[in-house]
Amino acid sequence: TLEDEGMIFKCCELLEKKKLKMLRVGLYKPLTFPYRSKKYFELGDKGLMILEKIKKNFNVLIVSEIMEAEKIPLVKDFVDVLQIGARNMQNFPLITNAAKTMKPILLKRHFGCSIRDLLGAAEYALIEKNEKVILCERGISAPHTHKSTSRFLLDLQAIPAVQDNSCLPIISDPSHASFWHKWVRSLALASLAVGSDGLMIEMHPDPRNAAVDPLQAINFEEFSELVDKIREIGKVLEKKIV
Ligand code: PEP
Ligand code: MN
C-alpha cells in the first residue's frame, strides 16, 4: 500500500538493489471494513503523483489495483499493469474496460472461485484481444480458514492446474493467502517448487506499523533474504528468475 513517498522510495531502492523490476503498490484498496483513519488509510488519487515520481527516479514497472472502471482513464497512464483484485474477479465490465487499455492485466483469483471461473474471467480480457493476462493465486476460503490464524489457504494445486488448462502465466501471492508474515517465506518457496511463474510478496520498511495489512508484510531483511533464497532455488529448478 502506498503510504507516502518516503516509504515507497525505500521499497524501490530495495527492489533495485535486489535487481527486481516490478513494484506492486496499492492506491485504491478493497479494505474489508469501510472505516479509515489516520493510521489505517489508502491514498487514492493523491497517490498518482507519487507514482509519477517513482517512474522518474527508479527503473521499476508499476502494478496497481483498480476497483472501478471509472478510474481507468485517470490511472492507466501511471501504471504498467492493471490489477483486478480477488473481490472483482467476476466484475466483467471492469475486466473488459481494463483490457481495452491494452495494458497487461493481473487477475487475482477470487477466494471462492474455481479454476474454471478464473479462466472464464480471463477470457473477458482475451476476447478484447488483450492477451497480456497474468493470473494470480492468492488463497481460497475453506471451513478451517475462518479463524484469525489462517484467513485463507494457499491453493498450491491451482498453479499446476492452471498451467495444465491454460497458456497464461500464473503467479502466487503468499502474503494475502496466509495473512501472516511468518509463513510467507515457506509459502513463497513452496509456490516456486510447484512451478509458479512469479511471486507477489508484500514488504514494508516497518511492517507492524503499515497502514494496511500490518500482519502479512515482511521486513526488508526478510525480503532480501527471501529473494536470495528464491534465486538459489531457481537455479536448482532451472527457472530463470528476473
Ligand atoms: C491486494 O493485492 O492488495 C489485495 C487486496 O488482494 P486480494 O484482491 O487478493 O484480496
Ligand atoms: Mn493488500
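User: Take a disulfide as a pair of cysteine sulfur atoms within 2.5 Å. How many disulfides does a search of the whole structure find?
Analyst: This is a predicted model, where local features need pLDDT of at least 70 and side-chain atom pairs pLDDT 80 or more, while totals for chains, interfaces and linings use all residues. Side-chain values use heavy atoms, without hydrogens and water, residues are numbered from 1 along each chain as its sequence is written, and chains are lettered from A and ligands numbered from 1 in the order written. For Cys167, the closest cysteine sulfur sits 19 Å away in Cys136, too far for a bond. Searching the whole structure, the count of disulfides comes to zero.

User: What keeps Cys113 from bonding to the closest cysteine sulfur, and how far away is that sulfur?
Analyst: Cys113 counts as buried because its relative accessibility is 10% (buried is under 20% relative accessible area, exposed over 50%, partly exposed in between, with a 1.4 Å probe and protein chains only). The closest cysteine sulfur belongs to Cys136, and what rules out a bond is the distance, 14 Å.

User: Which elements do the buried residues of α8 pack against?
Analyst: Helix α8 spans residues 181-193, and its buried residues include His181, Val184 and Leu192 (helices are DSSP runs of H or I, at least four residues, strands of E, at least two, numbered from the N terminus). Just past the end of α8, Gly195 has a positive phi of about 100°. The buried residues pack, by contact (heavy atoms within 4.5 Å), against α6 (158-165), β6 (170-172), α7 (174-178) and α9 (220-236).

User: Which residues of α6 does α5 meet?
Analyst: Helix α5 covers residues 115-126, and its axis comes within 11 Å of that of α6. From the α5 side, Ile115, Leu118 and Leu119 make the contact; across from them in α6 are Ala158, Ala161, Val162 and Asn165.

User: Where is Asp213, and is it buried or exposed?
Analyst: Most residues other than glycine have a negative phi. Asp213 has a positive one, near 50°, and its place is in the loop between α8 and α9. With 14% relative accessibility, Asp213 counts as buried.

User: And Glu238: buried or exposed?
Analyst: Glu238 also isn't a glycine, yet its phi is positive, about 55°. You'll find Glu238 in the segment after α9. At 76% relative accessibility, Glu238 counts as exposed.

Terms used: Axes fitted to C-alpha atoms, helices over the stretch in contact; angles between N-to-C directions.
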